[in-house]
Amino acid sequence: MVPQQAGPRAPDHALVARFAVGDERALGELYDRHGAMAYSLALAIVRERADAEEVVADVFGQAWRSAAGYDPGRGSVAGWLATITRTRALDLVRARGRRARAIERAAQADSDGLAAPLGATADLPDRRLERGEARRLVVRSLEELPEPQRRVIELAYFGGLSQTEIAAELQEPLGTVKTRMRAGMEKLRGSLAPLLSGGGS
Amino acid sequence: MTDHQWSELAAPFALGALAPDERARFQAHLAECSVCRAEVQTLSEVAARLAEAAPAATPPPGLRDRILREARQFRPLGRGRGRGPLAPWLAAAACLAIALGLGYGYLRERAESRQASAALAAARDSLAARDSLVATLLSPDMGTAALAATGQAPSARLYWSPSRRRVVMAVFRLPPAPAGRTYQLWAIAQGKPVSLGVFNTAADGRVTAAMAVPPGITFELSAVTEEPAGGSPQPTQQPFLVGKVTRAD
């Protein structure tokens, strides 16, 4: 085996490994790749742009300080960053005593939901085609879910609500919420299979 | 609860939608059930992908600079008590980082372990100790760090077996610590130093020592400081030996 080169297109995990030796350029590069994703996710949860900026600064600061906490065996760097972003954003929403945007959307009887509409996504200038395609697949898969299933998943992921809280928010029986959440996630597992590590990619 | 009922909790668990008590019980179950663990792993990947469904927004232009600026100011060892930042440790380690690929790295370590055999001979006063050293060196997941001096001439080589939670260190050209002082080996785990133990060298400046690594500790960097006899809970001075761990696997 030849030693791996840290070329212009080093994989994400190689960038994270360089954090341990204080390589700021690796941090900048990781931000260039995933900063927009983190910011979009944070904004979808916290609503205020200034708050979303705080969250993202916090997320990349945490990634920088605790790069050793990233375990490649447990998922992608993007997934790791998304998890930190979601947690931080929901913490901030709770600290402010606000309700997350997803909950507000769900409270509107005939909302289209929180996820990006497909048309809007298609207009995005994607820096990398593969990423744009992956994103479109996620958006489309979510859109194709029956609306009640999509709503409980969005309330859990973007709203940070437990199943019990979702049942209260939607005024539906808890058992119904549980069934919808499971069914929706099963469908997503199928439609997102090409993006999953065990899937056909 | 039947197995079937447990697996129903995987989706809400992956979405973080279980109540705290339910989550705790499911986590306990996960420790014992590989089927549910695999289910959670996949569904967590699905959940993580949902981040991409957020409506696209453009971050403010100054955010990138702010993140880099704040990263520069990060001082994990400073704690406001006049101690130096981690940066010098990291910079020293950066100079030493050896990029070893798969296989290639392993062969190279095998060659280097021949060099270490002279140092290993010093441990033969105890058969048990020797067996432990050899077992650690032969572990398939062995990592190694070459620690080079930041000011003086000594050097050290560290062999780390995560599976056995053992490190073996061979030190060269390091004068014995002065009376009332000792050397202390640190693992830098997530930016924080964790003591692996204290040691001292013989009159010829050498020592080979095996030390236990605390459970759950995974480290990228290792360092040696001089401390008061008995060692310190945290380093009290800048390390004079620093090295980055490279993995043979």
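This is a predicted model: local features need pLDDT of at least 70, side-chain atom pairs count only at pLDDT 80 or more; totals for chains, interfaces and linings use all residues.

Modeller: The largest nonpolar core holds 109 residues. L41(A), A42(A), I45(A) and A156(A) have the most contacts inside it. Helix 2 of chain A, residues 24–46, gives the most to this core, with 13 residues.

Colleague: What does I45(A) touch, leaving out residues up to four places away in sequence?

Modeller: I45(A) touches R86(A), A89(A), L90(A), V93(A), A100(A), R101(A) and F158(A). A contact here needs C-beta atoms within 7 Å.

Colleague: Why is F158(A) called buried?

Modeller: The cut-off is 20 or more other C-beta atoms within 10 Å. F158(A) has 27 C-beta neighbours inside 10 Å, so it counts as buried. F158(A) sits in the loop between helix 8 and helix 9 of chain A. Its C-alpha is 9.3 Å from that of A89(A), and the two are 69 residues apart in sequence.

Colleague: What makes helix 8 of chain A mostly covered?

Modeller: Helix 8 spans residues 147–157, and nine of its 11 residues are buried. The buried ones are Q149(A), R150(A), R151(A), V152(A), I153(A), E154(A), L155(A), A156(A) and Y157(A).

Colleague: Why is R47(A) called partly exposed?

Modeller: R47(A) has 18 other C-beta atoms within 10 Å, so it falls in between and is partly exposed. R47(A) lies in the loop between helix 2 and helix 3 of chain A. Its phi is near 80 degrees, a positive value in a residue other than glycine.

Colleague: And why is Q171(A) called exposed?

Modeller: The limit for exposed is 12 or fewer. Q171(A) has 6 other C-beta atoms within 10 Å, so it is exposed. Q171(A) belongs to the loop between helix 9 and helix 10 of chain A.

Colleague: How many helices and strands does chain A have?

Modeller: Chain A has 10 helices and zero strands. Of its 201 residues, 45% count as buried. Residues 24 or more positions apart account for 61% of its contacts with a separation of 6 or more.

Colleague: Where in chain A is confidence lowest, and where is it highest?

Modeller: Chain A averages a pLDDT of 81, and 81% of the residues score at least 70. Confidence is lowest in helix 6, residues 118–122, at a mean of 40. It is highest in helix 10, residues 174–191, at 96. Over residues 1–7 of chain A the pLDDT is below 50, and beyond near neighbours in sequence this stretch has 12 contacts in the model. Over residues 117–129 of chain A it is also below 50, with 14 such contacts.

Colleague: Why are helix 10 of chain A and helix 4 of chain B called roughly perpendicular?

Modeller: Their axes come within 10 Å and cross at roughly 85 degrees. Angles of 65 to 115 degrees count as roughly perpendicular. The two helices are therefore roughly perpendicular to each other. From helix 10 of chain A, M185(A), L188(A) and R189(A) make the contact, and from helix 4 of chain B, T42(B), L43(B) and V46(B).

Colleague: Which elements does chain B have?

Modeller: Chain B has eight helices and eight strands. Buried residues make up 36% of its 249 residues.

Colleague: How do you know that strand 4 and strand 7 of chain B pair?

Modeller: Pairing needs at least two bridges. Strand 4, residues 181–189, and strand 7, residues 221–228, pair in the antiparallel sense over eight bridges. One example is L185(B), whose bridge partner in strand 7 is V224(B).

Colleague: What about strand 4 and strand 5 of chain B?

Modeller: Strand 4 and strand 5, residues 192–199, pair in the antiparallel sense over seven bridges. That passes the cut-off of at least two. I188(B) stands opposite P193(B) in strand 5. Strand 4 and strand 5 form a hairpin with two residues between them. Q190(B), in the turn, has a positive phi of about 50 degrees.

Note on methods: Residues are numbered from 1 along each chain as its sequence is written. Chains are lettered from A and ligands numbered from 1 in the order in which they are written. A nonpolar core is a set of buried Ala, Val, Leu, Ile, Met, Phe, Trp, Tyr and Cys residues joined through C-beta atoms within 7 Å. Helices (H or I, at least four residues) and strands (E, at least two) are DSSP runs, numbered from the N terminus. Two residues are in contact if their C-beta atoms, placed from the backbone, lie within 7 Å. pLDDT is the predictor's confidence in each residue, from 0 to 100. Axes are lines fitted to C-alpha atoms, for helices over the stretch in contact, and angles run from 0 to 180 degrees between N-to-C directions. Angles under 35 degrees count as roughly parallel, over 145 as roughly antiparallel, 65 to 115 as roughly perpendicular and the rest as oblique.
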